[in-house]
Structure formats: C-alpha cells, structure tokens
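Please keep the sequence and the model in view while reading.

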Amino acid sequence: MAGYLLRRLFHALLTLIGISLITFIILFALPGDPVNRVAGRMANDQQKALVREQLGLDRPLWEQYGRYVGKLATGDLGRSFMQRSEVSELVGARLPATLWLMLAAIVCELVIGLSIGAVAAFRRNTLLDQSVMVGAFVFVSAPQFLLGYTLLYVFAVWLGWFPIGGYGSLSQIVLPALTLGLLGGGWYARMMRSSVIEVLRQDFVRTARAKGLSRLRIVFVHIVPNAILPIIAMVGIDIGIFMSGIVVVESVFGWPGIGQLTWQAIQQLDIPIIMGVTLVSACAIVLGNLLADLAAPLIDPRIRLK
Amino acid sequence: MNRLLASASIVTLLALGACGEEKKEEAQQAAPAASNTTATTEAAPAATPAPAPAAAEIKQGGSMIVTFKDDLPTLDPAIGYDWKNWSVIKSVFDGLLDYKPGTTEIVPDLAESFETSADGLTYTFKLRQGVKFHNGREMKAADVKYSLERMINPATTSPGAGYYAGIKGFAEFQAGTATEVAGITTPDDYTVKLELTAPDATTLHLLALNFSYVVPKEEVEKSGLDFGKKPVGTGAYKVTEWTSGQKIVLDRNADYFKAGLPRLDKITFEIGQEPVVALLRLQKGEIDIAGDGIPPAKFEEIMNDPASKDLVITADQLHTGYVAMNVTMKPFDNVAVRQAVNMAINKDRIVKLINDRAVPANQPLPPAMPGYDTSYKGYAFDVEGAKAKLKEAGPEAGFETDLYVMNTDPQPRIAQAIQQDLATIGIKVNLKSQDMGTVIAAGGKKDGAPMIWSGGMAWIADFPDPSNFYTVILGCGGAVEGGWNWSWYCNEALDKRAREANAITDPAKAGERAIAWGKIFTDLMADAPWAPVFNEKAYVVHSKRVAGPNGIFADPIHIPVNYDEVYATDVK
C-alpha cells in the first residue's frame, strides 16, 4: 500500500512537471506579447526593453522555466503581470469559493444522478425509464448559461426565493449548485443505470432474492454498493473538471471562483496567473483521481492496490 | 488600451447648465429668488423641476452599491490603466491638477495655483497646505517628486511612464545613470518645479492624469508590490476592505481637503456580476449602478422601458472605431485603393447593426475632441465612385486581402458588414477573426495584417487632447515593430506639424492649436491610412436612490460616475 502510494505520487509529480512545461511553452508561443500590455501604448522600444527585463522576459525560455520551477519548489507561483499581486494569494482567495461550489455541485449531481439512474434501472424499459433518461439527456446537452439564467430568472427574479447571485450565504449556493447538479447529474444517471442493470444480472443478486431477503436489503446492501464503484471514479474526474474552472456558471451567478480569475487572466495574457491556475487544477485532477482509486478498495474489497 | 473615457456630451453640457458646483449652490440658496437659466450658473430653485435638487436637498451621507464583472486589477495610480479602476483611483488619490467635474476643463487640485514660464519649459506649482494622506501625514512637495520618480522608474513598470518622457532628465533616470529626475525639483515644502526639454501643450493634462497622482513613500515601501491592493492616498475615499473577486469597500475620508466632499459615506463595489444579472438587480433596487453598462442583449428593452429610460445617461466617448490599412503592403500602398475602401463602407448600416450605439465618423478625431473639424465632409458613401477609384488604381483592381478582427461580439458582425461592402466593389476580403492579443501582434508586425478592424481594441483617448490621437496610432513613432500604428503610416511633414502644434503652450492660443491639430487629421485623411467608421457612445444606468447632475454620470473623465460628487436621495 505504501509502495503503491509512493509510486502514484511520483507519477503525479512527473505529470505536473510535464503539464507545467507544456503550459509554459504554449503560453510563450502565443503571438501576443505581454510586455505590450504591461508597458502601455506610450512606451517606446527602450522602455519596453526595461519592462521586459523587469518581468524577466528577456531571458531565454529554458532559463525562465528553470527560474519558475525553482521558485515553485518553494511554493512561490510568482506575481501577476497586470495586478502585481502574488499569484498564490489571488488563487488562494478564490479557492474556497470554488471548493464550496464543487462540493455542493457534486452532492447535487449524486443525489439527482444516482436516484434517477437507480429508478430507471429498476423500472427499465418502461415509460418512466425512458422519460427520466430523456430528461437527463436534455439537461446534459443544455448549455450552462441557458440553464443558469433560466433558474436565475425563475427562482431568484420571479419567485424571489433566492438572492440574485453573489457569494457568502447558504441560500446563494443553491442555484449555482443546482445548475451544475442538473447538468452533470445526467451523466451520473446514465452511468448508474447501466451499472445497476449489470449488477442486477449477477448471480449474487439472484441468490439473495432466492434467500428471500427483503427488497430494501437487496437494493441497499447488495446492489447499490456494487453498482456505485464506477461512480466513484467519475467523482474523481469531476473534481478535476470543477477545479479547472466553472467559468460560465461562476459568471452567471457572480460566484468569485477560480474560473472568473482564469477568464480575466486569459483576456489580459497574464501568464503567471494562467500558469498558477493550470498547475492548481492539474494538482486537483491528479489528486481527485488518486483519491478515487484509494476509495475503490474500501467499497469493494475485491480490489487490491498494487 | 482598456482605458475608456467619456467626453462632454450634449447631455453633460445641459446638465452643467442646470447646476453648478456646491459652493455656488450654497451661495445661491441664500438668495431669495434665484434664476436658473444661464449656462454659467447655478443651482435650480427647489420649486423648478431640474435634473438635480438644490443644495438644500443634498445631504451628506448614505451609501451606494456599484457592480463590476471583473475585479479591479489594482488601485495603484502609477499602474492602474483600465476604465474601471481609472475613476476609483481618482477618488482614492489626487494629483496636482484635475478636471472640473463633468467637463474637460483643467483646474488646480493638490496644487493651489501654477505658473508657466514664457518659454513654456518650466511649470511651477504651489501646493495646498494641510492636505493629509489617509495615514494622517501631511502631503508635501517631496511626495510629489517621489511619486513622479516612482512612476518613471522602470522597476515600477508603469504603463504611463512614456507620457512623461518630455521631463528633463527622464532618459538618464530611466537608464539608471541618474538617481533622480533632474527636471523635478522642490524649492520648498510647498513648491514643485517641473522642467521640460521642449514646450509641450499637453503637460497640464499629464499632471491631471492618474499616473502622476501622489502616493506616500512610507506606505508604498511598507506594502511593496501590494500597494495597489492596499492603497493610501489623499483622496475623498479610503479603501477599508478588499476581498479579492468579491468586494471592495470605500469609506468617506473625513479629513478630505475639499469641504462637503465626498457626499456619500460609503461605496461598495460588488465584483463578479454579469452585466445582465447586474441590470436585473438594478431593476429590483438591490444595487445602484451597473458598472459595466447595458449589455447589447438588453439594450432595446431598457431604452424602450419608460421606467428605466430616465435613469439611462448617454455620453459621447473619446473613441473612434476605424479600419487600418497597412500602407506598406500591396495593394494598400496605393492611395487610390485606400480611398476606394473609405468610399465603399456603408457606415450608417454598421451603426444600425450595433443598435445606434454610435455615430458615423469621417475623420480620426471624435466629435467631442477639441480640433474636430465640423466642416470636413470626408469620403461620402459612394459605391460607383469607389469602383471608379479602384479602376484608377490600376491593374490590381479586384484583389483578395485579409481583414483582422477581434473575435468577440459584435466585432465579427461589423467585420462581416465591411466584408460585404468591399465585395460590392470587387475586393474579396477574408476575415481573420482572432483573439485580441493575436490581432494586436499582427498589427505590430510590418507585414502582419493588410487590414484591421479596430473594434474592441481601438484607441480611446487617455486625456481630452487631439495629440493623444496622433502620436502613437498615426505618427511615425508608432509605426515600429510592436507599435500601435497599425496602418504603418509615417508622414514626416505631419509629424513636424504635430510637434509644432504641441509647442503652442500659450493658453490664449488654445483655439489656434486645436485648429492646427484638426487640420493635421483632415490633411492626413487625404492619404486615407484609415477608414474611420464610427464613434461609440457610452451608457450609464443608475438607480433612483443615487443622483447628481447628469454631467457626473458618464463624466468625460470618470466612468461610470464621479464618485466624489454622486449623492444619495434617501439620506434623512
């Protein structure tokens, strides 16, 4: 187990180094020159050269990358070109909002997806099955902003049940989390449905039925824990997706998360912020997957981690 | 480039006619029966309907909420350079000079008075005494010198430093061969002397520009690079809370040196609000100003809604949207081709395409800028004439070329309209719809882009002076690698005339100078490096709770509002 963990962590480190290198190269290969943005339109060549030197952009690319990684090792993500603030502070300030929304959204997805998926599986090939699955498919295909604005208009503007966007109170998280839950829930529903159907065909379910166990016991003790395994892996992937920014939903609801910061940084070619956010989300994806893999044997003892 | 300044619009001027500054209002109030009609004065009597109530009704106090989509990047006056932080910085800091609220007229601010030497090379400023920074220390001449030198210092990476290159000793200080800027001296605690290498009529504007605003050395040193997030100035408001990405709170500076200002106790900026959502909240009365204005999707609805209409204020901006044609690339090296393009573009149709949020343009200067030539007619829309011009241009007639455009709405739609217009005269245009950085990079390369539609990246003047529309975007100095003169037009004779016009520093000759500048732009149009298309207007919408003379909303200098002057109507 310890060996497995070490090996996985080592792989994670290699992945992160690879990602940082690729991002770095891509960002610097972009045609825009951040010095033009920072130095302003009035700057002449000489002033631009001074700014380039200040930002360390006059060095060869490999040296810049080396310096970046060197600072990274001490936890320093550098400073934003446009805002001049520490990237770690900027990302840190946005992290809680994103984490909260991610947590609430995953809970919504699971509640919506698992219940729909299980019901559809138990009533498979009925009208109920078909209608909930079509419904789920509609939500999966809906654009984020469309669903977000619809919920916002209906529940916040017309009915006035929730605040119109913003961050800070519990009532403000409901609509953005519900938007993401409805959007992502469909995937979970499909996965849950096929997973439950597969488990239903297994011998141990027939045995349990033959033993005359109660329906509830069969569902919750024998079927659900066995069907849920692929769902865990999906949550792991979801964490990564949410961490890399929920840009649209965050802007519809005025949620001060990482997505907003990233969007602003991309528009301004603020390379240190883009790098920082990319690395943080890459960490989250790696970590999410690792957690999902670690959780698997806890739920299904047949799985051993080697 | 992200800067956005509005200018004195008709609305602004009307509003100014109706009410003056506070002191005058008080004086007026004492008079038994005031008349409110002349353009130079004064407050309206309370009985007469007017855009703003008389002074008696304005009570100091109350608060307002402003929303923005994006966080304010920084409030460091040497660095902040977009339209959102621009006016907030003006309320947290002060400079030697400022503009009279709602106008483009320069008035002393931290300076009490100033003198210009006869040769136009030396400016002497007498400072106001007893002005205090938010930390309690008195602001003195050394702070002015420190602030200017800090902004010029390459280590600060100020996007405005280039403006101040005319100060004596600028180059030596930037290069590191001098420890101070020789042209900035402080004969005593309340006197600052500025020496230039050549007379420059824009100097006073530069000292009203945010980059020159005064900061306290000890606070800058304490906060280092984070000063922009922990700003300390002399301004009407102090920053008391800043939660990144969420909100910024400004509280009234009780020690502010201008009596009666600011009028509000508190301004809260809520960040991260989509413009559409902000408008919904405004209509529900939750916020007072939707800082990002009216999004195109809501424009018709708001403008046609009787309840909202009175709360929308329209202002001209110092902005021109244009098609730049690269005069070094074939076939745009031929002036007849450039003229044909000018005649082929149907500007009225493009203005309709963006819901009339602009007026058609015929010259580089916007109408609100001094020097704008009202008698100049430009190239009228004339398809047959354009075809004839193109024929005159010779064998290249009927060519294929690329038009670069920024890829956010409505820019690609505008570019498509231009594409259709040019197709009718036989020019086949391929659209290159790219992100802003790519388009700017292409424009800054000599053979990068034959044509660029400037929308979304266009020049919006930093200060209301015609020179601000020439040097960088049409002069030889901008026609360099990585520069902003995307047409690569370089006319030494016009550059010389520009230098001469800028040397006219005598305020009495300001009119003559403006005419000289206007002529430079209309003469330049004979070579047609640009096809000017339109001048955008700005729209500000506010709640009934906050008010002020219309001139302070969509102020020429402050967007969306002059925070010092706006007041709340619900103060008891």
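## A buried valine and its chain

Val87(A) counts as buried because it has 25 C-beta neighbours inside 10 Å. A residue is called buried if 20 or more other C-beta atoms lie within 10 Å of its own, exposed if 12 or fewer, and partly exposed in between, with C-beta atoms placed from the backbone. This is a predicted model, in which local features need pLDDT of at least 70 and side-chain atom pairs count only at pLDDT 80 or more, while totals for chains, interfaces and linings use all residues. Residues are numbered from 1 along each chain as its sequence is written, and chains are lettered from A and ligands numbered from 1 in the order in which they are written.

Val87(A) belongs to helix α5 (residues 87-122) of chain A. Helices (H or I, at least four residues) and strands (E, at least two) are DSSP runs, numbered from the N terminus. Which residues does Val87(A) contact, leaving aside its neighbours within four places in sequence? They are Leu77(A), Gly78(A), Arg79(A), Ser80(A), Pro272(A), Ile273(A) and Gly276(A). Two residues are in contact if their C-beta atoms, placed from the backbone, lie within 7 Å. Ile273(A) is 186 residues away from Val87(A) along the chain, yet their C-alpha atoms are separated by 5.8 Å.

Chain A as a whole has 14 helices and zero strands. Its C-alpha trace spans about 85 × 55 × 30 Å along the principal axes. Of its 306 residues, 41% count as buried. Among the contacts in chain A with a separation of 6 or more, 72% come from residues 24 or more positions apart. After α9(A) comes Gly212(A), with a positive phi near 80°.

Chain A is divided into domain 1 (2-73) and domain 2 (96-256), with bounds that come from an automatic or database domain assignment. The C-alpha centres of these two domains of chain A lie 38 Å apart.

## Sheets of chain B

Chain B contains an open sheet of four strands in the order β4-β5-β7-β6, with antiparallel pairing. Two strands pair if DSSP finds at least two bridges between them. The edge strands are β4 (111-116) and β6 (184-188) of chain B, each of which pairs on one side only. From one strand to the next the twist averages 20°. Axes are lines fitted to C-alpha atoms, for helices over the stretch in contact, and angles run from 0 to 180 degrees between N-to-C directions. Helix α4 (residues 141-152) of chain B packs on this sheet and touches β5, β6 and β7 (191-195) of chain B; the direction of the helix makes about 175° with that of β6(B).

Another open sheet of chain B has five strands in the order β8-β9-β10-β1-β11, with mixed pairing. Its edge strands are β8 (237-243) and β11 (289-290) of chain B. Helix α3 (residues 83-92) of chain B lies across β1, β8 and β9 (247-252) of chain B, at about 130° to β8(B).

| Strand pair | Sense | Bridges |
|---|---|---|
| β4(B) and β5(B) (residues 122-127) | antiparallel | five bridges |
| β1(B) (residues 63-68) and β10(B) (residues 266-271) | parallel | six bridges |
| β15(B) and β16(B) (residues 428-434) | parallel | seven bridges |
| β15(B) and β17(B) (residues 451-453) | parallel | two bridges |

Single residues show how these pairs line up. Glu115(B) stands opposite Thr124(B) in β5(B), and Val66(B) stands opposite Phe269(B) in β10(B). Glu400(B) faces Lys428(B) in β16(B), while Leu403(B) stands opposite Met451(B) in β17(B).

Strand β15 (residues 400-406) of chain B has five of its seven residues buried, so it is largely enclosed by the rest of the structure.

## Where the chains meet

How many residues does each chain bring to the contact? Chain B brings 40 residues and chain A brings 40 residues. On the side of chain B that touches chain A, α8 (275-283) and α15 (436-443) of chain B each supply at least two residues. α15(B) gives the most, with four residues.
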